[in-house]
Amino acid sequence: MSERTIDRRTLLTRGSAAAAGGVLGLPLLPSEAGAQTRTRARRTAATWENLVDKSSFSSTTAFTREWNHGYPWGTTHNGAAKMLSSKVSLSGGVLTLTATRLSQPDGQSESEPHAPIWYHSGTVHAKEQILVNDQFPEYDIQGEFRTQTGQGIWPAFWTTGIYPDWPPESDILEYVGDSTNLFNTWTKQAGENDPAERHELSGHDPATWHTYRVWMEKDGDDVLLDYYFDGTWKAGHRGVGWAGIPQYLIINLQMGSWASGIEPGDPAWNRQPGPSGNTTFQARNVWFGRTRNW
């Protein structure tokens, strides 16, 4: 979910190769991940630090300590939803984002493609940033999620470079109008409208709890990314030129726009097709941490 204009139709019609992986056991990672063959050492407590704990959704106090409401840049992005803190709730260690269809549009998004706002929804971003460099060469980011999917529904768990440094972007969970999850890695080597690498994941029920994870590791000026689903490795990507660029971590329930299967100029653009009533996206046990070289 980039901060720039993205042709999601182009994105969604490109193919991807399927890959198989082994079961993941923390804190070990597999010694081989597809074409990215490498050996990784066991992490020790002395070099590891948590930045967001799994308990951060256990109370308002815990949430406020580690998360902010809204996008880092405001209340709107490249969809048809305005993000409000009232659409974010906590209960029993679960974060719930709720998108509500409005009876009439509430203006339009400030971000391209300037969709009319037909939804009020919720998003949060971590106060701690991600910075893969020589001091912090590895990051582990993961959480358990369940979401409604379908036309007009666009939930995501993702990282993005701090403007104007976009890309990088890593989409750890992203459903754009259907039930296929997109593991996307965006780099400057790709076109403006395309991720450098993408892996599609289908055949599961996004409405039940699943674990989504990315492991990032510095490799020269690049960052290697391993994507996992329910503990199984699914794809290995390379973030070209990512090292040293800070990123935000975001959880959001966007709506409409490309998730509606339309683009500006379409006769249905002003209506932003999507579900009526309420749509929910839930998260629990979300955490991330990093290794530190002292």
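Is tryptophan 48 buried, exposed or partly exposed, and what is its relative accessibility? At 22% relative accessibility, tryptophan 48 counts as partly exposed, where buried means under 20% relative accessible area, exposed over 50% and partly exposed in between, with a 1.4 Å probe and protein chains only.

The structure is a predicted model, in which local features need pLDDT of at least 70, side-chain atom pairs count only at pLDDT 80 or more, and totals for chains, interfaces and linings use all residues. Residues are numbered from 1 along each chain as its sequence is written, and side-chain values use heavy atoms, with hydrogens and water left out. The average pLDDT (the predictor's confidence in each residue, from 0 to 100) is 87, and 83% of the residues score at least 70. Over residues 2-32, however, the pLDDT is below 50, although this stretch has 92 contacts (heavy atoms within 4.5 Å) beyond near neighbours in sequence.

Aromatic pairs, defined for rings of Phe, Tyr and Trp (its six-membered ring) with centres within 6.5 Å, are classed as stacked when the planes are under 30 degrees apart, edge-to-face when over 60 and tilted for the rest. The count comes to 13 such pairs. In one of them, the ring centres of tryptophan 48 and tryptophan 287 are 6.3 Å apart and the planes stand at 75°, so the pair is edge-to-face. Because tryptophan 48 belongs to strand S3 (residues 48-52) and tryptophan 287 to strand S19 (residues 278-291), the pair ties together parts that are 239 residues apart in sequence; strands (E, at least two residues) are DSSP runs numbered from the N terminus. Tryptophan 287 is buried, with a relative accessible area of 9%. Ring pairs also link Phe145, Phe157, Tyr212, Phe229 and Phe281 into a cluster.

Isoleucine 141, located in strand S10 (residues 138-147), is buried at a relative accessible area of 0%.

A nonpolar core is a set of buried Ala, Val, Leu, Ile, Met, Phe, Trp, Tyr and Cys residues joined through side-chain atoms within 4.5 Å. The largest such core has 51 residues, and Trp67, Met216 and Ile251 have the most contacts inside it. Strand S18 (residues 247-255) supplies the largest share of this core, six residues. A second, separate core of five residues includes Trp154, Val176, Trp258 and Ala259. Beyond four places in sequence, tryptophan 67 is in contact with residues including Val52, Phe57, Leu249, Ile251 and Val286.

Key: Helix = DSSP H or I, 4+ residues; strand = E, 2+ residues; numbered from the N terminus.
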